[in-house]
Amino acid sequence: MRITAVTCVKNEGPFLLEWIAFHRVIGVTDFLFYSNDCTDATDEMLDRLQDHGIVAHLPNPATNRNYQMQALKAAKQHPLVKQSDWVWIADVDEFPNIHVGDHSFPALIEACGNPQAISLTFQFMANDGIEDYVDQPVITQFLRGHNPDIWGADTAIEVKSLVRRDFPVEYYGAHRPFHDEAKAKPNWTDGSGRPVPAPFRKRAGKRRIRAFPARGARELATLNHYALRSLDSYLVKNDRGDVNREHRAFDDSYWRERNDGGYFDDSILRYEADVRAEMDRLKALDGIGALHDKAVRLHMAKRDALLAQDSYQEMRKQLLSASPIPPLRPRSAMKSVLRSDSCHEPFARREPCPAQDGHNHPD
């Protein structure tokens, strides 16, 4: 089975090897990367990995700022995608946590009944108070996330999709494939092997294009989304997406929406030993270990340069003092839940902290 992962990157150098290693462990055979405007050795590392036959790397073909959409349009015609049995489109901070069989993509596909597409629901993993960037696998550091059925006030939570070759794709989106519902009704499941809801499949309204209700949707697999990582890395991420930070007020809503640590889940650690071993194999390839170390140094240097600016010092203070309750947290989700220290249950619960600021925030 050939499974191709397609992703777009900018300044993800310190995190590349873990993501590639993890996906090789779960059964991805090919990687297609598009990069743009990298200053942290991301593009250098991808070029060197391409020399070793690990990935294919191309400059992002975008002619405007719509980098992902234009890259995915081009990817549909790439030989790796056209020759694949399955295509997985995801970002470098997203890791499928598969709960069945040998915890691989093939095991998930079999458990879902070999459908034409599988959409996995996000579990946003919180920062959990980790301030310092360290060069260790992300999946080992961040083990708390939101209520699995509710994200803030939302019961509909975003997904990413694994797509079989015979899916009637018109074009790939970042979250799901798009097709003509009038011409075909593909066999399409969620992460529990259930048919995806019809409003999602039919794109019935803007909010149903990339999300559907999460309750019961993660029995076979969860998509752990490390959108925040450490506070250090989040500051660098903010700079990557905003070159004019000195002249703009900072909005902490993105951080607060994803920094709900009400549930503990360390089940993804089942992959740790294999991922570390695969990372070591990649680092042993000529030039790769040195480029990884270069990316780490540049990441930390960027952090230091940002913290020399008053605006980033203020941003850091604001994030450290931000409420642990996300915007629009529903009252029902603030009730006490049973504490459990068991690591054998899918989600070990702890009581959420009460809201600190008392404000409602826009979605």
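1. Basis. This is a predicted model in which local features need pLDDT of at least 70 and side-chain atom pairs count only at pLDDT 80 or more, while totals for chains, interfaces and linings use all residues. Residues are numbered from 1 along each chain as its sequence is written, and side-chain values use heavy atoms, with hydrogens and water left out.

2. Overall confidence. The protein chain has an average pLDDT (the predictor's confidence in each residue, from 0 to 100) of 88, and 88% of the residues score at least 70.

3. Where pLDDT is low, the predicted coordinates should not be read in detail.

4. Helices α2 and α11. The axes (lines fitted to C-alpha atoms, for helices over the stretch in contact, with angles from 0 to 180 degrees between N-to-C directions) of α2 (residues 42-51) and α11 (residues 288-307) come within 9 Å and cross at roughly 165°. The two helices are therefore roughly antiparallel (angles under 35 degrees count as roughly parallel, over 145 as roughly antiparallel, 65 to 115 as roughly perpendicular, the rest as oblique). On the α2 side the contact is made by Glu44, Met45, Arg48 and Leu49, and on the α11 side by Ile288, Leu291, His292, Lys294 and Ala295. These residues divide into five nonpolar (Ala, Val, Leu, Ile, Met, Phe, Trp, Tyr, Cys and Pro), one polar (the others, Gly among them) and three charged (Asp, Glu, Lys and Arg).

5. Helices α1 and α2. Here the axes come within 11 Å and cross at roughly 40°, so α1 and α2 are oblique to each other. Leu16, Leu17 and Ile20 of α1 meet Thr42, Met45, Leu46 and Leu49 of α2. This contact has six nonpolar residues, one polar and no charged.

6. Arginine 303. This residue lies in helix α11. Arginine 303 counts as buried (under 20% relative accessible area; exposed is over 50%, partly exposed in between; 1.4 Å probe, protein chains only) because its relative accessibility is 16%. Leaving aside neighbours within four places in sequence, arginine 303 is in contact with Asp232 and Val236.

Methods: Helices (H or I, at least four residues) and strands (E, at least two) are DSSP runs, numbered from the N terminus. Contact means heavy atoms within 4.5 Å.
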